[in-house]
Amino acid sequence: MPHISLAAEIVTRIAGFPISNALITTWLVMGILIFASYMVTRRMSLVPSGAQSVAEMLVGGLYDFFASVTGKYVSQVFPLVASLFLFILIANWVGLLPGVGTIGFFHEVHGETVFTPLFRGATADLNTTLALALFAMGAIQYYGFKTAGVHYGKRFFNVGNPIYFFVGLLELISELSKVISFAFRLFGNIFAGEVLLAVIAFLMPFVVPLPFITMELFVGFIQALVFSMLTAVFLSVAVAHGEHEKHLAEGHA
Amino acid sequence: MEKLGIEPSLLLAQIVNFAIIVVVLTKLLYTPILAMIAKRKKEIEEGLALSVRQREEEEKFGIRKEKLLADARKEARVILEDGKKQAKEAEHEILAAAHKEASEILEKAKAEAIATHEALSADIRAEAVGLASAMAKRLVASVLSPGDQHKLIAKHLTELEKNKTL
């Protein structure tokens, strides 16, 4: 049976700090993104070459797409949502590369020989997806406060009316549930895909896994899009809500 | 939490990793590419505006060119008409001068011919008189005596005197 573990395996420890196989893959993904960005933009020209054209099409397309969701705030939020999309997409696809989950080493744990893969899909680790969700939700709250100031806080803490107070509590719970929803949706989809591929590859190693890999490529793209688009939508809602509260407060004053 | 693999240090590490990705990609990818797209868009807009301006100027230039050509054609026609008129006047003047000169030459030639004719006539007459006189001298000498010669000379002189008075 293939090795399946819900938690990312600790490969080593540096000064007591655990280095998991998902963390190594995250560094690999970061390296790919940074190297590709550098290569694409080091010699830019007004008449774009092949790689520059692709990069411009991708970044320009993402900018227009997120502009349709966030409107006038796109220039502020674009770096966050575009980075979420690109990072999740590459992390999902790197997780499908041959060697990820299969290259590793055997070692003894409590008298048992255990296989520890050197690489694991970065988004198949809850630490990564939870980190992305916390970062996204933190950014949403930051933009909300940045746009409307203290008025944004009335979304969660409104003592003027018992109903509003209760609604505020619900909003707070909703924000916390968004973190869990973000983290587990991405983790669940990618981890399930990897398990599926591992099982299929174990049962029928040749040809049969190909359609599943294609499907996982598509799932990886969709999950990246869903995560980044939902972040953009929540950002717009937070900013719009904050602005509404601000206008109401200014109207009363 | 432990069964799910959530480890606070790894969670923090992933947050830091993602923050680094956001900062680096903003600096390395989004800013230069969006700036390049904006620059290209601006260049295209400027190029289009320039082409519209040039087309308008071309139209204006075309109208001005047509006007200038019309003016030039009009001016050329006027100059041509003037030239023709002046040429005709000059022709008339030259013809008049030629006629005058020709008539003067003719008059002069006539006068010269008359003068030559008169001189020749006078010469011929003098020659004839001399010849007649010589012939008469010889004839008179052979036919008349000196006394008769004197009588005849006197008679002729008298006749000449008479002819002069007439």
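In the predicted model, 45 residues of chain A are in contact (heavy atoms within 4.5 Å) with 31 residues of chain B. The two chains bury about 3,500 Å² between them, 79% of it on carbon and sulfur atoms. Buried area is the accessible area (1.4 Å probe) that two parts lose on being put together, summed over both. Leu46(A), Asn127(A) and Phe135(A) supply 18% of the area that chain A buries against chain B, more than any other three residues.

Local features were taken at pLDDT of at least 70 and side-chain atom pairs at pLDDT 80 or more, whereas totals for chains, interfaces and linings use all residues. Residues are numbered from 1 along each chain, chains are lettered from A, and side-chain values use heavy atoms, without hydrogens and water.

One salt bridge (a side-chain nitrogen of Lys or Arg within 4 Å of a carboxyl oxygen of Asp or Glu) is counted between chain A and chain B. Glu56(A) forms a salt bridge with Arg40(B), with the closest N and O atoms 2.5 Å apart.

Phe135(A) and Phe18(B) form an edge-to-face pair, 5.0 Å centre to centre with 85 degrees between the planes. Rings of Phe, Tyr and Trp (its six-membered ring) pair if their centres lie within 6.5 Å; planes under 30 degrees apart count as stacked, over 60 as edge-to-face and the rest as tilted. Phe135(A) is partly exposed at 22% relative accessible area, while Phe18(B) is buried at 1%. Buried means under 20%, exposed over 50%, and partly exposed in between (1.4 Å probe, protein chains only). Ring pairs also link Tyr63(A), Phe78(A) and Tyr30(B) into a cluster.
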